[in-house]
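Work through the exercises below with the structure at hand. Each task is followed by its solution.

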Amino acid sequence: MTQSLAYIHPGAKIGQNVEIEPFAMIHPDVEIGEGTWIGSHAVINSGARIGKNCRIFPGAVISATPQDLKYNNEYTLTIIGDNTTIREYATISRGTEEHWKTVVGSDCLIMAYAHVAHDCRVGNNCIIGNNVQMAGHVHVGDWAIVSALSAVHQFVKIGSHAFVSGATLVRKDVPPFTKAAREPISYAGINSVGLRRRGYSNEKIVEIQNIYRYIYMRGLNNAEALQKIELELPPSNERDVVINFIRNSERGIMKSPFQTNGTSEAEAQS
C-alpha cells in the first residue's frame, strides 16, 4: 500500500505488497522487492536495489551520492539483500568506479544513525550497531557484529563471525571468529558465545582457539604462525579461512596485548 503523500518517481520499480509511508521519497532507477516496508521520510535514491521483505525506517537514506571527492557522477549501485532492516537515519552510500557498488547482504540489521560508506561490502546476517561509522571499501564477513559507536577505517576487513566491541577504533583487520576491543584495537579472545549460538560444537570452538594460540600467544610473527598451523594442525574449513584471511590482509591484523607462554587473560575470559 502506497500513501498518497509519498513521492514515487514513475521510473521506479515497486514489487507487490510494498508499503510506502507518507513523505517517503523514491527516486528514479530504484527497484524495491515485494513485501518491503519503507517508513515515513525515508529517501531511496537512484541506483538502489532493495530486496524482498526489508524494513527501512523513517529518515534512512539509501544510495546517496558517495562522500568521496573522486566521485564523478559515474553510474553505480547500492544493493540491499532480502529481509534486511535499516533503522532510523542510517545512511548507505552508493559505490564509486572503484567497485561500482555498495552491498549489504540479506538478514542484516543496520541500526540507527549507522553509516555504510561507498564500496563497502557487508555480508549476510550481520549486525551494525547504533552510530557505527564505516569508511569506504570496508568488507564485513557473514555473521559479524560491529557494536555501537565503533569507527571503521577505510579498506579494513572484518572476518566472518567476528565481534567488535563498542566504541572501538578499527584501524586493523579483524580475523574471523575473534573478538576485538581496547585502544589500540587488540585481540580479546575468540567469539565463543556467538559461535555457540550459531551451532558450533565445543570441539570446533576448541579447534579455533588452538589456531589463534599460534597467532597470538607464542611470540611468533604471522608468517611463522601460519607455517606452524599448516604443519601442526589438521586441515579444516575454519583453519583455511583463518589462514587465507591473514595472508590476504593488506592493512595487517590486530595484535594481542598479551604475549605470554600460558593462557592469556583475554582467552581465559572467552
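UniProt positions are given in the numbering used here, feature names are shortened, and annotations may be inferred rather than shown by experiment. The model is predicted, with local features needing pLDDT of at least 70, side-chain atom pairs counting only at pLDDT 80 or more, and totals for chains, interfaces and linings using all residues. Residues are numbered from 1 along each chain as its sequence is written, and side-chain values use heavy atoms, without hydrogens and water.

**Exercise 1.** State which residues UniProt lists for the C-terminal domain, and give the helix and strand content there.

Solution. The unreviewed UniProt entry lists residues 173-254 as "domain: UDP N-acetylglucosamine O-acyltransferase C-terminal".

**Exercise 2.** Find the buried residues of H4 and what covers them.

Solution. Step one: in H4 (residues 237-247), Glu238, Arg239, Val242, Ile243, Phe245 and Ile246 are buried (under 20% relative accessible area; exposed is over 50%, partly exposed in between; 1.4 Å probe, protein chains only). Step two: they are on the same side of H4 because their arc around the axis is only 165 degrees (taken from the directions from the helix axis to the C-beta atoms). Step three: the cover includes strand S23 (157-158), helix H2 (202-216) and helix H3 (222-232), with contact meaning heavy atoms within 4.5 Å.

**Exercise 3.** Which residues of H3 are buried, and which are exposed?

Solution. Ala225, Leu226 and Ile229 are buried in H3. An arc of only 95 degrees around the axis puts them on the same side of H3. Ala223 and Leu231, on the other side of H3, are exposed. The buried residues of H3 pack against H2 and H4.

Definitions and conventions:
Helix = DSSP H or I, 4+ residues; strand = E, 2+ residues; numbered from the N terminus.
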